[in-house]
Amino acid sequence: MSEVLYTAEGQVSYVTLNRPDALNALTPGGRDRLVELLADASADPGIRAVVLTGAGRGFCSGADLRGTSGGGDLIPGDVARVLRLGAQRLIAAVLDCEKPVIAAVNGTAAGLGAHLALACDLVLAAESAKFIEVFVRRGLVPDGGGAYLLPRLIGPHRAKELMFFGDALSASEAERLGLVNRVVPDAELDKTAREWAGRLATGPTRALALTKQLVNASLDADRTTAFAAEAAAQEINMTTADAREGVRSFVERRSPEYRGR
């Protein structure tokens, strides 16, 4: 049975973590498959949005730690290399994907699984979903970009509270803190994710990609750099057919028909 399921419906890529008995804990193979699918979606002009979710009652419980030695047999450099090529590569694949990525969090999102969801552009959560910075419970330092993502989303004090205590955060509390865009009844999660993905897939795909790039880089840039990046993005976008269609449809007082080009 495949650890990661993939279907393309219309112009949307649906990616489902598929180890329900393990709450979709990520093995190295499953993680690498996710990276591959995100890269494919980014490069495929026929795909204009991505939905990421989990099978069963969990979204993703993090990396599968079964069979690890706890570090006793490692030499300096091993951990950093594995992290760089593993968890960090996965989160970068989400952040760098040129198509909007929606996380449909159907259950527990813990550790790397929580960071996988939070790296997505939009986060929908079922009412039963939970977010857990589980690392402290295992005596570990957060990985998968957690210490980069969380402070930017909710500030350093809230981020430290979640990471220091490792308490489970309910979907409603995650929404209140700004980690989640919207909480919906469990039975409506898939429907809502499909509606959002459908709207994104009919949007100006290149403009969305450039907007994503600008927003993701904004908190690491000074004003001069951010304004220069904005100007460059505008310059690039105005060469697209969708930008011309957007302006033309406004002048002609009709709804635009974007082609993703």
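Colleague: Which residues line the largest cavity?

Modeller: Ala-114, Leu-118, Phe-131, Ile-132, Glu-133, Leu-150, Leu-162, Asp-167, Leu-169 and Leu-179 do. A lining residue has an atom within 4 Å of a grid point of the space. Two elements each give two or more residues to that lining, H4 and strand E8 (130-132). Helices here are DSSP runs of H or I with at least four residues, strands are E runs of at least two, and numbering starts at the N terminus.

Before we go on: this is a predicted model, where local features need pLDDT of at least 70 and side-chain atom pairs pLDDT 80 or more, while totals for chains, interfaces and linings use all residues. Residues are numbered from 1 along each chain as its sequence is written, and side-chain values use heavy atoms, with hydrogens and water left out.

Colleague: What makes a space a cavity and not a pocket?

Modeller: On a 1 Å grid over the protein atoms alone, a 1.4 Å probe fits in a cavity but cannot get out, whereas a pocket is an open set with protein on both sides within 12 Å along at least five of seven lines. The structure holds 2 cavities of 30 Å³ or more. Volume here is the space filled by probe spheres set on the grid points, which are joined across faces, edges and corners.

Colleague: How do the two cavity linings divide by class?

Modeller: For the largest cavity it's 8 nonpolar, no polar and 2 charged residues. Ala, Val, Leu, Ile, Met, Phe, Trp, Tyr, Cys and Pro count as nonpolar, Asp, Glu, Lys and Arg as charged, and the others, Gly among them, as polar.

Colleague: Why does His-115 count as buried?

Modeller: Buried means under 20% relative accessible area (exposed is over 50%, partly exposed in between, with a 1.4 Å probe and protein chains only). His-115 has 0% relative accessibility, so it counts as buried. His-115 sits in helix H4 (residues 112-118). Leaving out residues up to four places away in sequence, His-115 touches Ile-91, Glu-133, Phe-135, Pro-142, Asp-143, Gly-144, Gly-146 and Leu-149; a contact means heavy atoms within 4.5 Å.

Colleague: What makes H9 roughly antiparallel to H10?

Modeller: The axes of H9 (residues 205-218) and H10 (residues 223-237) come within 10 Å and cross at roughly 170 degrees. Over 145 degrees counts as roughly antiparallel, under 35 as roughly parallel, 65 to 115 as roughly perpendicular and the rest as oblique. So H9 is roughly antiparallel to H10. On the H9 side, Arg-206, Ala-207, Leu-210 and Leu-214 make the contact.

Colleague: And how do you know what to call H2 and H3?

Modeller: Their axes, H2 (residues 78-85) and H3 (residues 87-96), come within 3 Å and cross at roughly 25 degrees. That makes H2 roughly parallel to H3. Val-82, Leu-83, Arg-84 and Leu-85 of H2 meet Ala-87, Gln-88 and Arg-89 of H3. Axes are lines fitted to C-alpha atoms, for helices over the stretch in contact, and angles run from 0 to 180 degrees between N-to-C directions.

Colleague: Which element gives the most to the lining of the second largest pocket?

Modeller: H9, with 7 residues. That pocket has a volume of about 660 Å³. Of its 28 lining residues, the closest to the centre are Ala-119, Cys-120, Asp-121, Val-215 and Asn-216.
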